[in-house]
Amino acid sequence: IAAESFHSTAPDSLVVGNADAELTKAQHRVTGQVSCGSQYHFHMESQSALCVPLEDGVDVFSSTQSIAAVQKYVSQALAVAAGSVNVTVKRLGGGFGGKISRASQIASAAAVAAKICNTPVQVHMDIDSNLQMVGKRYPWMMDYEVGFDDDGLVRAVKGSVY
């Protein structure tokens, strides 16, 4: 952070109004820092995929929260057009993010094996392997400044997330 060495793919700033001007006018200010350590993704249902080879692509049955990502990475792994990868997802729980990008790895592995062997291939990870492969959410930290009036009405919030 001190060296300002950040990923080039960091999202753009979210700006609504003029926080600097409102902070200057605020009757009260609070500054601080909040952080959260890393968290393991522990799913009740681990990563799994079934891939069935087709003449011109593959049918993929994946436990993913991102159908588009699975289609994109499977098509790249097989060197076929994305339109040749049909992804089906049955209902699944979620909301924690562990099945967004990581499901693509499992589906791609199953798809490559299905193509090479010309037979359906299913990959279903046991919970220990799932935890080792999927990993965790990375830790984060936020420096913040909040300006508010005598009534406690927040006038401005400015923060940097790392």
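Guide: This is a predicted model, in which local features need pLDDT of at least 70 and side-chain atom pairs count only at pLDDT 80 or more, while totals for chains, interfaces and linings use all residues. Residues are numbered from 1 along each chain as its sequence is written, and side-chain values use heavy atoms, with hydrogens and water left out.

Visitor: What accessible area do Ile1, Phe6 and Tyr162 have together as a nonpolar patch on the surface?
Guide: Patches are made of residues with over 30% relative accessible area and no salt bridge; like charges are joined within 9 Å, and nonpolar side chains (Val, Leu, Ile, Met, Phe, Trp, Tyr) within 5 Å. Accessible areas come from the Shrake-Rupley method with a 1.4 Å probe, and for residues only the protein chains shown count as cover. For Ile1, Phe6 and Tyr162 together, the area is about 300 Å².

Visitor: Is Tyr162 buried, partly exposed or exposed?
Guide: Tyr162 lies in the segment after β9 (154-161); strands (E, at least two residues) and helices (H or I, at least four) are DSSP runs, numbered from the N terminus. Buried means under 20% relative accessible area, exposed over 50%, and partly exposed in between (1.4 Å probe, protein chains only). Tyr162 has 31% relative accessibility, so this residue counts as partly exposed.

Visitor: How many salt bridges does a search of the whole structure find?
Guide: Side chains of opposite charge can pair when their charged atoms come close. The criterion for a salt bridge is a side-chain nitrogen of Lys or Arg within 4 Å of a carboxyl oxygen of Asp or Glu. Over the whole structure, the search gives four.

Visitor: How far apart in sequence are the parts that Asp20 and Lys158 tie together?
Guide: Asp20 and Lys158 form a salt bridge, with their closest N and O atoms 2.5 Å apart. Asp20 is in helix α1 (residues 19-25) and Lys158 in strand β9, so the parts tied together are separated in sequence by 138 residues.

Visitor: Which residues are linked with Glu22 in a network of salt bridges?
Guide: Glu22 forms a salt bridge with Lys25, the closest N and O atoms being 3.2 Å apart; both lie in helix α1, three residues apart, about one turn of the helix. Glu22 also meets Arg155 in a salt bridge (3.8 Å, N to O). The residues linked with Glu22 in the network are Lys25 and Arg155.
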